[in-house]
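Dear colleague,

I am passing on the structure we spoke about, with the sequence alongside, and below it I have set out what was found on going through it. Please keep in mind as you read that this is a predicted model.

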Amino acid sequence: MDSLFVCVHNYPFESFYFMENKVRVRFAPSPTGYLHVGGARSALFNWLFARHHRGIFILRIEDTDAARSTEESTRAILDSLAWLGLDFDEGPFFQSERTALYQKYVQKLLDENKAYFCFCSPELLEEKRKKALAAKLPPKYDGTCASLTKAEALTRIDNGEKAAVRFRKLEGFTDINDLVRGRVTFDNRVLDDFIILRSDGTPVYNLTVVVDDIEMRITHVIRGEEHLSNTPRQLMLYQAFGQPAPYFAHVSVILAPDKTKLSKRHGAASVLEFRELGYLPEALMNYLALLGWAYDDKTEFFSKEELIEKFSLDKVSKNPAIFDHNKLSWMNSIYLKRVPLSRLEELLIPLLKEKGYDIEKINKTWLHSVIELERQRAKTVKDIATNFDYYLADKITIEPEAAKKHLSPAESRILLLMLETELDKLEPYTIENIEKLFIKITTEKGVKLGQLVHPARVALTGKTVGPGIYELLFAMGKETAVKRIKAVLESK
């Protein structure tokens with residue numbers, strides 16, 4: 001075949017008009033697991049690009065690997081995209097339902113002698129691979145079946161032999177003008193005649209992705225850099241089918257803070273895990289957008305509308321992005337302070353019910369006041385739900401170190417006894433009067449305010465940190481507060 005030297009669109013993507021004059025992108029996950037951070041970032045970049053250009057965002061489920069693809073994973077992907085707010089305009093399309101289409105394209109290549117049947121068994125291929133490695137050669141297919149005539153191949157198939165189909169690779173070089181990485185050149189000599197249809201009749205990734213992108217009129221392929229090595233093979237197929245190739249933009253990998261591959265050991269990795277941990281979707285979207293993209297060197301917070309307005313591929317970095325859970329938690333804490341209380345109430349009620357609290361008996365005004373108090377320090381919705389135990393639980397667990405430091409000293413117990421006695425008589429029970437009481441007790445005893453605040457906080461919550469002590473006592477209510485302090489004083 002002719003040599004190949006492909007240069008993919010040397011024009012800026014803003015000027016590109018394709019078919020119906022509209023940008024068309026796709027997110028094409030394999031349903032072999034949950035939607036993880038890298039996949040979610042790819043989906044987001046495609047979605048933002050489509051929305052910025054008023055284009056079309058397509059969802060395609062690449063489920064040709066029947067052994068590993070599951071309905072559960074497909075549902076998880078759909079749930080994750082819905083939770084993040086990444087709506088799609090077309091799809092979902094399932095590759096498992098399009099086998100006849102792929103076979104039609106394969107037949108076209110066979111008819112034009114751009115592909116051929118391969119009868120080499122897996123065992124023979126493995127033997128060839130070992131020999132190549134032993135000879136310190138690249139372990140690529142040696143073209144054993146490439147010279148078979150169509151008649152010879154069809155006779156063997158009629159006799160019951162199983163055959164895969166291989167594409168006849170093009171010679172020369174493949175040159176990619178990547179919208180993120182710039183010009184990337186591949187020497188086709190390192191490639192072999194790759195399989196496009198397995199011997200059981202199922203198509204392989206490099207074929208299906210090209211056929212689908214042609215049929216769906218995809219204009220831009222935005223995906224992770226791990227797919228860059230597949231691009232030369234895919235460009236050969238575009239040329240063989242006589243179809244224009246889309247623009248390619250390969251975004252960098254996402255690494256853990258220790259610069260290793262992001263994995264479960266670094267914390268939550270899937271979108272649904274973050275939902276269960278109490279992160280807000282808008283916070284996760286904002287953070288994901290910053291993994292490899294930046295509008296400028298100072299702006300970190302963007303609404304969905306601002307991301308759509310400002311997103312562009314020319315601001316996507318080639319360098320690996322670092323996923324920092326602490327940074328995400330900080331960002332989420334800022335979002336928690338901004339969202340309406342009614343939204344947090346809606347998210348919290350199921351969590352409080354799980355803890356066994358009778359939500360119907362809780363006064364909504366009081367509920368909102370506690371949410372307002374607790375969200376000032378919380379990193380997640382789950383943190384707020386956990387801290388509701390201060391106010392609603394019959395008993396609390398006191399951290400041993402906190403008890404030793406703040407509840408064991410005799411002076412602390414004397415101060416707590418005074419506080420319990422005075423709180424029980426305090427009327428009206430207001431934040432202002434609670435503050436005055438603390439000042440009165442510490443003044444009378446000649447101690448610093450912290451010497452009463454810290455034991456009181458531990459007695460009330462079991463922890464050394466929490467919201468302001470006066471606001472905490474007020475929200476907790478006199479009866480519960482007195483009961484908690486009395487329980488501490490009666491304990492050994």
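Helix α6, which spans residues 205-215, packs against helix α7, residues 231-241, at an angle of about 50°, and the two axes lie 9 Å apart. Angles from 65 to 115 degrees would count as roughly perpendicular and those under 35 degrees as roughly parallel, so α6 and α7 are described as oblique to each other. The crossing of α6 past α7 is right-handed. On the α6 side the contact is made by Y205, N206, L207, V209, V210, V211, D213 and I214, while α7 contributes R233, Q234, L237, Y238 and F241. By type, the residues of this contact between α6 and α7 comprise 9 nonpolar, 2 polar and 2 charged.

Helix α7 also packs with helix α3 (residues 99-111), here at an angle of about 70° and with the axes 11 Å apart, and α3 and α7 are therefore roughly perpendicular to each other. Y105, K108 and L109 of α3 meet L237, A240 and F241 of α7, a set that divides into 5 nonpolar residues, no polar ones and 1 charged.

Note on methods:
Residues numbered from 1 in each chain as written. Predicted model: local features only at pLDDT ≥ 70, side-chain atom pairs only at ≥ 80, totals over all residues. Heavy atoms only, no water. Axes fitted to C-alpha atoms, helices over the stretch in contact; angles between N-to-C directions. Helix = DSSP H or I, 4+ residues; strand = E, 2+ residues; numbered from the N terminus. Parallel < 35°, antiparallel > 145°, perpendicular 65-115°, else oblique. Left-handed = near helix turned anticlockwise from the far one by under 90°. Contact = heavy atoms within 4.5 Å. Nonpolar A, V, L, I, M, F, W, Y, C, P; charged D, E, K, R; others polar.
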